[in-house]
Amino acid sequence: MRTLGASIRTARRTLPLIIGAACLTLALTGCSDEDGPAQARPSASTAPKPAPALSAAQARDVITRYSKINSEANAARDRRLLDTVEDGPLYAMSVSDYTETEGLPAKDREPYERWSYDLASAKLYIPRLAAGEERWFAAALSSEKGKAPSRLAVFAEQPQHKRWEMASVVDLDSQKLPDVALDREGYATAVAANDNKQLSADADLLRTAVLDNFTTGGTNNGSKVFAPTKASKRQVKVHSDAATRFGDKGTSVFDGADNLFTDAYALKTADGGALILFSHTHTQTDAVAHSGLQLNPGKEDRAWLHDVPRMSIQYTFVCNDAATVPAKAEPSRLIGYTCARTDASGPPVPSWSHRA
C-alpha cells in the first residue's frame, strides 16, 4: 500500500453480577443451616482474568502470514488474494493504490519490491478480552530490519473466514511509541473506544476534530480537542495550503464524507488514558473560478479522470488515525495518520462534454 503523506473497530461487553433477593438478605443477616451454607463471593484478586485475544506466538504468525500474502497480492495487484489478509479501511486504501497504478502507462509503473515486517523489532499489544468480544490486537511494526517500529497496525479476527486480517495501519510521526499499559504477563487492556466516561475524548470526538483540522484548519474544535503535534499541524497546513493553492483562479475546499469504517480500537495507557485507533473519510473539491479555465488531471489521477480536463474535481480520501487520550480533561495528541485517495470525479469542460 502506498499512502499520501502530505494529504491527508472496540466492542465492550460487561458481565453483570446477578445477586438474587434471597442471597442479598442472607448476606445481611447470615444464613441458617436449613437455608444451606453461605456462598463466598470471589475477591477481585482471585477472579479469573479475561483470556488474551491470542498468544504472542500466534500474533507473530499472523504478522508473518500477512507479510507473505500481502507481498504476493501486491506484486500481481490481486484483489481477491489481498482480501484474505486485509479488511476495512486498509483494504479500500490498498485497492485504490492498485487502481491508480493501473491507470498509468506500463513505462511509468514503478517495479514492485517484495517486503515483510520485521518480527524481531515488532512490539505486540494483545488485549485480554471477555468471552464473546470480537478478537483483535495491535502491533508496532517496521518494514526494515534493524529499524525501530514506525507504524501502528490493527489485526482483527474474521470468525466467518477463520482467519486474521489487518484492518488499519498508521504511519507514526515519532519512533517513541505510546506507553500502553501491560500486565505481568505482558498483555494489554482493551477499553471502550466510544462512550467512555473515563476518557477526555472518544473516537467519535477525535474523528470530528480531525475533520475540523482539514475543513476549517481546526477553528471549531480541532484545536480544542488536540494539542499541537506534528500530525495535527500537518492537517492544518493541508487546509491552509489549499486555501491559497489556485490564487484567484480557483478554490480548493475540504469536507467530511460518508464514513463506512466506524470501527475503533482502544488500549489503556500507563497514565490511565488510552491509545485510540480510528478511521475517517473526507473529500477535497477543487474548482475553477470561472469559465475559460480548466483543471488538468495529473498522471496519478488518470485511472479516475482519464486525462479529461475538468471544471471541478472531487477527490475522496480514506484515512487511518491514531491518538493518545488522557483520562483527565486535557487535550489529546494526534500521533499519526495515513491517507489514500480512493476516488476522483468531476464534470469535464464544455468542449469535452460536447465531444463526448
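Analyst: Cys 339 is buried (under 20% relative accessible area, where exposed is over 50% and partly exposed in between, with a 1.4 Å probe and protein chains only), at a relative accessible area of 0%. The model is predicted, with local features needing pLDDT of at least 70, side-chain atom pairs counting only at pLDDT 80 or more, and totals for chains, interfaces and linings using all residues. Residues are numbered from 1 along each chain as its sequence is written, and side-chain values use heavy atoms, without hydrogens and water.

User: Which residue forms a disulfide with Cys 339?

Analyst: A disulfide is a pair of cysteine sulfur atoms within 2.5 Å. The structure holds one. Its sulfur atoms lie 2.1 Å apart, and the partner of Cys 339 is Cys 319.

User: How many residues apart in sequence are the parts that this pair ties together?

Analyst: Strands are DSSP runs of at least two residues (E), numbered from the N terminus. Cys 319 belongs to strand E11 (residues 312–325) and Cys 339 to strand E12 (residues 333–345), so the linked parts are separated in sequence by 20 residues.

User: Which residue of E6 is the bridge partner of Val 154?

Analyst: Two strands pair if DSSP finds at least two bridges between them. E5 and strand E6 (residues 163–171) run antiparallel and are joined by eight bridges. On E5, Val 154 stands opposite Ala 138, while its bridge partner in E6 is Ser 168.

User: Is strand E5 largely enclosed or open?

Analyst: Strand E4 (residues 136–141) pairs with E5 in the antiparallel sense over six bridges. Seven of the eight residues of E5 (residues 151–158) are buried, so the rest of the structure leaves E5 largely enclosed.

Methods: Helices (H or I, at least four residues) and strands (E, at least two) are DSSP runs, numbered from the N terminus.
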